[in-house]
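Biologist: I have a model open and a few quick questions. Can we go through it together?

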Amino acid sequence: MGKPTGFLDYKREESKALSPKERIKDFHEFHTYLSKEKQSLQGARCMDCGVPFCQYGCNIAGMTSGCPLNNLVPEWNDLVYHGNYEQAYIRLHKTSNFPEFTSRVCPALCEKACTNGLHSEPVSTKENEHAIIEYAYEHGLAKARPPKVRTGKKVAVIGSGPSGLAVADQLNQRGHLVTVYERHDKIGGLLRYGIPNMKLEKKVIDRKVGVMEDEGITFVTNADAGNGVKAADLIKDYDAVVLCCGASHPRDISAPGREASGIYFAVDFLTSTTKALDDNAIPQGDFISAKGKDVIVIGGGDTGNDCVGTCMRHGAKSVTQLEMMPEPPVERTPQNSWPEWPRVLKTDYGQEEAIAVFGHDPRIYQTTVKEYKKDKKGNLKSVVLVSLEAKKDEKTGRLNMVQIEGSEKEVPCQLVLIAAGFLGSEKYVTDAFKVALDKRTNVDGQNGSHATSVDKIFTAGDMHTGQSLVVKAIAEGRKCAREVDEYLMGYSNL
């Protein structure tokens with residue numbers, strides 16, 4: 001695929017990012033992408049590798065290798081090289097509903113499995129994808145295409161995150177009448193209120209939602225199924241109901257003093273900022289502010305990094321990010337060979353910004369909060385940190401991170417953001433629809449399917465699998481849509 005010697009002739013080149021100190025002045029996306037001509041040369045680097053692991057999308061050693069959507073990566077890389085962006089969009093859209101989202105927020109599992117990455121730099125597939133979808137919008141290729149025939153079947157999709165939107169898009173194209181219910185004031189779910197603007201500007205979501213509306217999908221906001229919108233009414237009024245409400249129950253970090261004012265879950269903090277931004281470059285009005293505060297972010301994942309980047313834009317006095325696990329190696333170990341997902345140290349945009357401003361990496365490994373301390377008014381004033389070490393449980397054989405006595409250290413802190421992941425679906429939703437749950441409180445898909453224990457109710461995305469990636473949620477939505485279509489029609493051509 002591409003130019004046979006392209007991986008030898010051309011070096012990997014990526015979009016240029018604004019300097020950390022410059023980009024923290026606002027919440028806009030901060031990359032300047034390559035020209036169409038230069039991007040085409042990046043497509044030329046795709047090899048005729050025979051076995052394209054980039055589109056494999058299955059688990060190796062417990063982690064996903066390649067694209068979960070099975071995107072036809074070598075095909076559209078080749079088309080990018082030849083400058084045929086229209087055909088590249090057709091091939092991309094065949095497997096992906098929302099390349100405008102994944103080309104911005106996906107961790108590029110395709111690139112981590114790229115054959116070029118074994119001995120050199122992988123193909124810049126994620127930015128090739130971005131070039132394709134933006135070309136498609138600029139040239140009218142991504143416009144609305146309503147289905148020509150309607151089946152008369154009605155489907156309710158509960159939740160407008162990536163899985164819910166994927167279900168809705170697929171079923172609408174099939175000809176079913178789809179209504180999406182969203183409990184927030186705007187459509188997007190995790191895409192809107194869990195991912196900050198500098199990674200995904202909300203006008204990108206609005207652009208796609210506008211296309212979907214023009215294609216016949218109905219969106220209803222401020223509609224909380226199970227709390228205001230009755231589950232029984234939805235089941236009665238629709239031929240099928242799909243639950244895509246996410247893994248919205250955040251994991252807490254309990255310790256003495258947890259009731260202090262100034263401790264928030266990460267998603268509440270990020271949502272507060274996004275709502276305060278609206279169409280502005282800086283937050284306006286009332287929101288959870290980190291300005292002038294010593295901030296502790298608990299959690300070392302993507303959401304934790306997003307909190308760091310947001311705090312930098314607020315003007316925090318200091319930011320410290322805690323990670324319970326040991327620091328990953330800089331390079332792959334022999335036990336983590338290609339094409340497995342690389343379990344290596346990654347310094348993301350928020351951490352880069354903290355390093356630029358404060359002069360050191362904000363991350364502290366093998367550390368957690370032992371106690372929250374408050375002042376006389378009940379406001380958080382400091383936290384007690386404690387170091388952790390790995391110890392094997394003699395009964396289970398599992399390694400657990402346990403506190404090291406005598407390692408406690410008190411540090412000033414007026415704002416704690418808990419980014420420790422999620423525990424599963426929210427109880428009021430699952431109770432309202434009376435669906436069975438698995439041991440992790442995810443909605444249980446019967447016999448490995450997306451059908452729940454209740455007739456005509458299906459589930460997809462994080463609510464089904466637990467917390468995961470946007471690209472996996474989209475893949476979940478597509479698979480679920482096919483099952484719903486088969487349920488409604490007796491067969492499916494999705």
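Biologist: How far is the sulfur of C110 from the closest cysteine sulfur?

Modeller: The distance is 6.2 Å, to the sulfur of C67, so that is too far for a bond. A disulfide here is a pair of cysteine sulfur atoms within 2.5 Å. Searching the whole structure gives 0 disulfides.

Biologist: What about C244?

Modeller: C244 is in no disulfide either. Its nearest cysteine sulfur belongs to C480, 6.0 Å away.

Biologist: Is C110 buried or exposed?

Modeller: C110 is buried, at 11% relative accessible area. C244 is buried too, at 5%. Buried means under 20% relative accessible area, exposed over 50%, partly exposed in between (1.4 Å probe, protein chains only).

Biologist: Before I go on, what sort of model is this?

Modeller: This is a predicted model: local features need pLDDT of at least 70, side-chain atom pairs count only at pLDDT 80 or more, and totals for chains, interfaces and linings use all residues. Residues are numbered from 1 along each chain as its sequence is written, and side-chain values use heavy atoms, with hydrogens and water left out.

Biologist: New topic. How much of the protein is buried?

Modeller: Buried residues are 51% of the 494.

Biologist: Which radius of gyration does the protein have?

Modeller: The protein has 23 Å, which agrees with a compact globule of 494 residues. The radius is taken over C-alpha atoms, and the globule rule is 2.2 Å times the number of residues to the power 0.38.

Biologist: And what box do the C-alpha atoms fill?

Modeller: Roughly 65 × 60 × 55 Å, along the principal axes.
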